[in-house]
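Work through the exercises below with the model open. Try each task before reading its solution.

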Amino acid sequence: MPANQPTVLVVEDEPAQRDVLTYNLEAEGYQVSLAETGDDAVLQVTEAPPDVIVLDWMLPGISGIEICRRLKASQATRNIPVIMLTACTEETDRVRGLETGADDYVVKPYSVIELMARIRTQLRRVRPASVGEKLEYDDIQLDAETHRVTRAGHPIKLGPTEFRLLSTFMDKPGRVWTREQLLDRVWGRDIYVDTRTVDVHIGRLRKALRQNGGEDPVRTVRGAGYALG
Ligand code: CA
């Protein structure tokens with residue numbers, strides 16, 4: 001799978017349901033990871049936090065509701081959107097009552113189109129560039145759909161890696177990214193790239209953004225990594 005694609009963790013014990021979800025999510029261009037049990041889900045979220053979690057209510061072992069409570073109770077995972085799959089009205093009522101802290105819910109049998117729309121809504125919140133939103137930071141504008149970047153109205157030419165770096169920064173201005181986090185997000189988790197490569201591309205991004213003058217918007221955070229602004 002290409003780097004920089006949004007990642008979705010599907011927590012579902014029924015193989016047929018997992019297959020349908022995987023097929024449709026991959027068709028949308030997402031990277032999919034799967035967990036069959038709550039324990040596995042919690043482990044995976046801790047090791048490699050996904051952008052969105054699709055969580056079935058009915059699971060063997062720890063229930064979906066309990067997993068959701070745990071994720072929402074932890075500082076490290078509480079901001080990851082959780083979409084619960086529920087089966088009956090009673091469950092839906094409890095999710096709707098926000099007892100679980102779930103960000104959204106879909107009732108089974110659900111329409112795939114509906115679920116995909118809900119996922120996009122959550123991604124728009126946490127990773128706007130990944131769903132083609134136009135992003136703005138200071139005098140920099142980035143159109144994720146057309147891959148156009150301008151600064152103070154002037155077009156900026158960027159290589160594909162620099163474009164992915166900039167859209168990652170512009171998703172969350174001010175956030176400090178470590179080199180490892182940038183490698184995961186921009187190059188992908190499965191590729192081995194030296195962290196110094198990040199510095200090289202940051203250098204190119206800085207140069208490109210200043211081709212018509214202006215301040216350097218990329219901040220080096222000593223001992224930590226990089227941030228926009
Ligand atoms: Ca199930």
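Predicted model: local features only at pLDDT ≥ 70, side-chain atom pairs only at ≥ 80, totals over all residues.

Residues are numbered from 1 along each chain as its sequence is written, and side-chain values use heavy atoms, with hydrogens and water left out.

**Exercise 1. The calcium site**

Task: Find which residues coordinate the calcium ion, and state their spacing along the chain.

Solution. 
- Step 1. Collect the donors, meaning N, O and S atoms within 2.8 Å of the metal (3.2 Å for Na, K and Ca); water is not among the atoms, so sites may look incomplete.
- Step 2. The calcium ion is held by Glu 12 (OE), Asp 13 (OD), Glu 14 (OE), Asp 56 (OD) and Met 58 (O), at 2.1 to 2.8 Å.
- Step 3. Along the chain, the donors read E-D-E-x41-D-x1-M.
- Step 4. Asp 13 and Met 58 link distant parts of the chain, 45 residues apart. Asp 13 sits in the loop between strand E1 (7–11) and helix H1 (15–27). Met 58 sits in the loop between strand E3 (52–56) and helix H3 (64–73). Helices (H or I, at least four residues) and strands (E, at least two) are DSSP runs, numbered from the N terminus.
- Step 5. Check exposure: buried means under 20% relative accessible area, exposed over 50%, partly exposed in between (1.4 Å probe, protein chains only). Asp 13 is partly exposed at 27%. Met 58 is exposed at 52%.

**Exercise 2. Asp 51**

Task: Is Asp 51 buried or exposed? Which side chains make polar contacts with that of Asp 51?

Solution. 
- Step 1. Locate Asp 51 in the loop between helix H2 (38–47) and E3.
- Step 2. Asp 51 counts as buried because its relative accessible area is 9%.
- Step 3. Look for polar contacts: pairs of N or O atoms within 3.5 Å; within protein, one must be able to donate a hydrogen and the other to accept it, and residues adjacent in sequence count only if both atoms are side-chain atoms. The side chain of Asp 51 has one with Arg 127 at 2.8 Å and one with Arg 185 at 3.4 Å.
- Step 4. Beyond four places in sequence, the contacts of Asp 51 include Gln 5, Pro 6, Thr 7, Ile 80 and Leu 123.

**Exercise 3. The buried side of H3**

Task: Which residues of H3 are buried, and where do they fall around the axis?

Solution. 
- Step 1. The buried residues are Gly 64, Ile 65, Ile 67, Cys 68, Leu 71 and Lys 72.
- Step 2. They fall within an arc of 160 degrees, so they line one face of H3. The arc is that of the directions from the helix axis to the C-beta atoms.
- Step 3. Recall the geometry: an α-helix has 3.6 residues a turn, so residues three or four places apart point the same way.

**Exercise 4. The four-stranded sheet**

Task: What is the strand order of the open sheet of four strands?

Solution. 
- Step 1. Two strands pair if DSSP finds at least two bridges between them. The order is E6-E7-E8-E9, with antiparallel pairing.
- Step 2. Strand E6 (134–137) and strand E9 (154–156) are the edges, each pairing on one side only.
- Step 3. Count bridges: four join E6 to E7, four join E7 to E8, and three join E8 to E9.
- Step 4. Pick out partners. Lys 134 is bridged to Asp 143, Gln 141 faces Thr 150, and Val 149 faces Ile 156.
- Step 5. Inspect the hairpins. Asp 138 has a positive phi near 55 degrees in the E6–E7 hairpin, and His 147 has one near 60 degrees in the E7–E8 hairpin.

Methods: Contact = heavy atoms within 4.5 Å.
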